[in-house]
Amino acid sequence: MNAYLDNSATTPPCKEAIAAVNDAMTAHWGNPSSLHRVGIMAEDVLKKARTQVADKLFCRPEEIYFTSGGTEGNNLALFGAANAMRHRGKRIVTSSIEHSSIDEAMTQLEKQGFEVIRLPVDNYGRVSEKDIASAVNGETILVSIMAVNNEVGTLQPVGSIKRIVTAARSPALIHCDGVQAFGKMNIRPASFGLDLMTVSAHKIHGIKGAGALYIRQGVRITPSLYGGSQEGKIRPGTQAVPAIAAFGAAAEALQSSEKTTQRVKSLRDYFVYALSEIDGVDINSPSDALPYIVNISVMGINSEPMLNYLSNMGVYVSNGSACSKGKKSRVLKAIGLDDRHISSALRISFSRFTTTDETDLLIEGIKGIKQTIRPNRK
Amino acid sequence: MKEIILLKNGELALKGLNRRTFEDILIKNMKHRLSSLGKWTFTPSQSTIMAAPENEDVDFDEAINRISKVFGIAAFSRALEVPKDMAVILDTVGTYLEPELIGIRTFKVEAKRSDKKFPLKSPEICSAVGEKLLEQFPHLTVDVHDPDITVMVEIRDKFAYIHGTQLKGAGGMPSGSAGNAALLISGGIDSPVAGYMMAKRGLRLTAIHFASPPYTSERAEMKVHSLLRQVAKYSGIINLFVVPFTEIQEQILDNCPEDLFTIIMRRFMMKCAEIIAAERDCAALITGESVGQVASQTLYALACTDRAVDMPVFRPLIGMDKSEVIAISRKIEAFDISILPYEDCCTVFTPKHPRTHPKLEAVLKAEEALNAEELISKAVENKRLVIINP
């Protein structure tokens with residue numbers, strides 16, 4: 001038996017997504033912009049997918065702009081918003097634990113002359129509303145905070161940003177990186193007061209190569225690419241119909257988030273309880289984090305041999321974000337963990353398909369690690 | 001008319017009566033490296049070898065790229081093979097060399113006439129060709145002392161050959177002409193460079209890598225494969241032996257003083273390597289050590305490592321600065337692979353304060369706590385062969 005418990009890196013495609021890809025590649029392979037019937041059939045696939053994704057975000061299909069995935073969505077949102085708003089001010093507010101596709105884009109915006117405020121987080125990885133309020137002023141043009149941190153699972157007070165921005169009489173657009181949150185919690189950009197939100201298909205059992213940016217109706221951002229009139233000219237280029245079809249199918253296949261989250265939460269609690277019976281394992285995620293992500297430290301043992309050991313027994317977890325392979329976690333440092341905890345950290349990420357047997361295999365693996373792997377010297 | 005490669009084999013010409021042997025090895029190496037690009041024929045004559053493709057549609061640029069990495073070639077050039085007819089020569093020289101001639105200002109023509117029956121003498125060939133080129137490319141002038149390019153016309157037995165700029169070859173001696181040696185490779189910057197340097201001196205390489213799962217990962221071993229593939233582009237095919245090293249490291253960790261861990265580990269590596277090297281007909285070991293680079297490479301530590309084996313240990317980087325090593329690493333396109341951040345067998349269990357002045361007696365005494373012979377023979381027995389093609 002194997003246990004794939006690295007679902008924050010990517011998820012296995014669900015059967016609905018695979019069927020949609022197959023259909024889009026055999027029956028609906030046209031260019032959705034073509035005038036003829038083959039094109040129209042492909043366009044129908046796009047339309048359907050747009051509705052399927054919009055339904056899960058409780059927004060209008062016209063507010064969904066398909067992209068190639070999370071990194072593109074985040075970049076498009078940040079550069080597009082900053083450029084569109086540059087005559088209104090120079091200040092951008094974000095957190096210090098964003099995904100690298102936000103963090104690195106922010107560094108570029110700094111080079112272009114924007115002032116980027118990276119708010120600190122507390123020991124649970126949470127940005128305080130008070131800090132957001134004191135950072136946002138009349139010159140602030142963009143606030144970007146992730147809904148769920150990808151390494152520890154901490155939930156951010158995304159729903160409060162709108163109120164803060166309004167109170168500060170700021171023209172700021174509000175963006176949220178919703179890649180880890182989508183499909184796992186109830187996140188409605190409209191009722192959260194968000195202007196922009198990024199989601200990605202392969203984190204919800206779709207396939208790689210598709211994602212979407214929610215852009216609230218009436219909000220204008222500048223495109224990063226220029227070309228045809230696809231996606232309202234915000235994201236020109238022939239759409240990746242098979243990947244988008246899979247995205248729609250995977251979105252539709254999501255069950256009510258309350259029900260699945262409850263199930264995953266009991267799995268997480270079961271796992272955390274089992275860990276409490278093993279000496280020297282610390283939980284780095286807060287107890288009210290999104291239950292899909294649990295970050296732990298097996299004290300005294302380096303992450304890499306643990307990953308190798310688990311991989312050899314068919315258990316797949318990670319030591320942080322797959323997008324920063326091998327580097328020391330910036331996020332774990334920001335939440336105030338010491339080097340001992342950081343160098344021995346493991347990130348376990350569940351999916352709605354994860355079983356108790358898989359969790360048991362992981363627990364067995366961690367016990368095996370304690371018995372087999374020699375502690376590090378540091 | 002077809003294009004061929006003219007190769008000058010430099011240092012080989014010095015080898016007197018053995019020249020044929022060296023030349024045969026060089027030709028065999030080239031044949032092997034070009035084998036996936038169709039059939040080639042190699043014709044040695046004096047200090048030149050002519051390499052000619054049998055098919056016309058061969059990927060000539062790739063062939064040139066591969067030949068530029070074969071040791072034992074001092075210089076080479078792409079040349080056009082034409083009938084031995086002055087009219088044809090004058091007709092083709094300008095068109096063939098046009099890409100090289102349009103970007104430069106001065107040239108000269110040199111002629112070589114090994115067929116003395118050819119009606120024109122060398123100076124006559126030169127002036128005819130020179131005149132023709134001046135007429136065709138009015139922007140050019142002749143400079144016999146320091147030309148931008150030298151146009152060569154060689155009149156040989158069967159054909160005449162026209163070529164422009166000579167390219168620098170990889171130099172050195174043909175791989176295998178100096179025997180076999182075993183390279184200890186970890187995954188860092190140094191060992192691939194050391195392997196490259198010794199292969200350049202004509203050694204055929206066998207490689208030995210120590211893997212410590214689960215402390216080291218599959219990716220760490222794949223990294224070693226990629227590094228060796230870069231070296232193999234110069235040295236030719238490499239047999240890699242992956243030796244399981246976890247148990248030895250754990251035994252040292254459990255039974256020996258912490259500050260001697262690295263030195264004892266390196267001695268075990270050398271001992272394992274010596275056995276495999278002897279089995280594979282290698283007469284020396286190669287490492288990427290350099291004096292003073294890290295604690296395990298102080299003069300005293302190297303002295304202790306050296307005493308672990310009887311076989312000579314070649315350390316071609318011994319007196320080089322890191323920046324010099326990196327320059328070679330970049331040249332052979334290994335650097336970007338070397339800096340991938342995976343743990344390797346040399347970095348796990350590194351002590352906080354390794355001994356920089358280890359004394360051999362103390363090291364030997366510490367090793368008594370281990371059943372060295374059994375550990376080593378078990379590790380060597382369980383080695384795994386991976387064949388690395390260029």
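Contact here means heavy atoms within 4.5 Å. By that criterion, 12 residues of chain A are in contact with 17 residues of chain B. The model is a predicted one, in which local features need pLDDT of at least 70 and side-chain atom pairs count only at pLDDT 80 or more, while totals for chains, interfaces and linings use all residues. Residues are numbered from 1 along each chain as its sequence is written, chains are lettered from A and ligands numbered from 1 in the order in which they are written, and side-chain values use heavy atoms, with hydrogens and water left out.

**The interface**

The size of an interface is often given as the accessible area lost when the parts come together. Chain A and chain B bury about 1400 Å² between them, of which 47% lies on carbon and sulfur atoms; buried area is the accessible area (1.4 Å probe) that two parts lose on being put together, summed over both. On the side of chain A, the residues that lose the most area to chain B are Glu304(A), Arg374(A) and Arg377(A), which together account for 54% of what that side buries.

Across this interface the rule finds two salt bridges, a salt bridge being a side-chain nitrogen of Lys or Arg within 4 Å of a carboxyl oxygen of Asp or Glu. Over all chains the structure holds 34 salt bridges. The table gives one pair that joins the chains and one within chain A.

| Residue pair | N to O distance |
|---|---|
| Glu250(B) and Arg374(A) | 3.3 Å |
| Arg118(A) and Asp103(A) | 3.2 Å |

The second pair links distant parts of the chain, with Arg118(A) in strand β4 (residues 115-119) and Asp103(A) in helix α4 (residues 100-111) of chain A, 15 residues apart. Helices (H or I, at least four residues) and strands (E, at least two) are DSSP runs, numbered from the N terminus.

**The sheet in chain B**

Chain B holds an open sheet of six strands in the order β14-β13-β10-β11-β12-β15, with mixed pairing; two strands pair if DSSP finds at least two bridges between them. Because β14 (313-314) and β15 (384-388) of chain B stand at the edges, each with a single partner strand, one side of each is left without a neighbour in the sheet.

Strand β10 (residues 179-184) of chain B runs parallel to strand β11 (residues 203-211) of chain B and is joined to it by six bridges, with Ile208(B) in β11(B) as the bridge partner of Leu184(B). Two bridges join β10(B) to strand β13 (residues 285-286) of chain B, also parallel, and there Leu183(B) has Ile286(B) as its bridge partner.

**Backbone details**

Most residues other than glycine have a negative phi, and most peptide bonds are trans. In chain B, a cis peptide bond with omega of about 0° joins Pro213(B) and Pro214(B), and Pro214(B) is found in the loop between β11 and α6 (218-235) of chain B. Glu231(A), although not a glycine, has a positive phi of about 50°; Glu231(A) is placed in the loop between β8 (211-215) and α8 (241-253) of chain A.
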